[in-house]
Amino acid sequence: ISISLLHAAEKEPSIIEKRMEATVCIGTVQNVKLNSSADPVKSFVPCGTGLLVGIPDDPQKRVCLVTAKHVFEDPTKNWHPTIINLRFTWNQHLPLEKYHGLAIKIRQGSRTNWISHPKSDLAAIPMFMPTSIIGKRTVSAVTPSQLAPPEHLVVGQPVTVLGFPVAVGGSLGSSFMTLPLARRGIISWQPTSDDMPHVILVDTM
């Protein structure tokens, strides 16, 4: 889930649209039966939400995919995918079984291609965005300077939460479109010391 602070000087519709473009649906390609009588077909199956963050002054013009570490790896569920796929909001009209999105190799054997935060459920991987696959020449990735510093996160701060809840995808089945859901809320709790869990609780309205 990505959280975007709302500032009075910014126009909410344009900011939300840009943040939606930077919010991607992460999934894997699996054999899925679209109905009880059909044979299984390869289809995109959502498993998480990611945020595209620009890498300043990167000569290779890459972006960084940031997500929860358990999306890349979760030993408790025997989840160790080698490849993940990304679907973008501007391709949401394409059927999941026909368009699998951009494939990203996140591990090679026992070596991972991503890095993780030592204390939080957070991971990131640099990646290229080939126009021929994503279908768009430019992407409104979030820049590091647009991310809210810890001192700006206070209880009662209004936020908009964007994400792809897996439960919603399951309820819609093959008709699930990869457009992030937007919920308005406030920060209801945050840690006050390094010894506390590195999480933020948001109450949605």
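Analyst: One term before the strands: two strands pair if DSSP finds at least two bridges between them. Also, this is a predicted model.
User: OK. What order do the strands of the open sheet have?
Analyst: The seven strands run S6-S5-S2-S3-S4-S10-S9, with antiparallel pairing. Strands S6 (102-105) and S9 (115-116) are the edges, and each pairs on one side only.
User: How many bridges join S4 to S10?
Analyst: Five bridges, between residues 63-67 of S4 and residues 123-127 of S10. Val-66 stands opposite Ala-124 in S10.
User: Now the largest nonpolar core. Which residues touch the most other members?
Analyst: Leu-52, Leu-65, Phe-72, Leu-86, Phe-88 and Met-127, out of 23 residues. S10 gives the largest share, three residues.
User: What is Leu-65 in contact with, beyond its sequence neighbours?
Analyst: Its contacts include Val-24, Ile-26, Leu-52, Phe-72, Ala-124 and Met-127.
User: Is Trp-90 buried or exposed?
Analyst: Buried, because its relative accessible area is 18% and the cut-off is under 20%.
User: What lies over the face of Trp-90?
Analyst: Lys-136 does, at 5.4 Å from the ring centre. Elsewhere, the charged end of Arg-87 sits over the ring of Phe-44, 5.8 Å from its centre.

Note on methods:
Residues numbered from 1 in each chain as written. Predicted model: local features only at pLDDT ≥ 70, side-chain atom pairs only at ≥ 80, totals over all residues. Heavy atoms only, no water. Helix = DSSP H or I, 4+ residues; strand = E, 2+ residues; numbered from the N terminus. Core = buried A, V, L, I, M, F, W, Y, C linked by side-chain atoms within 4.5 Å. Buried < 20%, exposed > 50% of the residue type's maximum accessible area, 1.4 Å probe, protein only. Contact = heavy atoms within 4.5 Å. Lys NZ or Arg CZ within 6 Å of the ring centre and 35° of its normal. Lists of a residue's contacts leave out its neighbours within four places in sequence.
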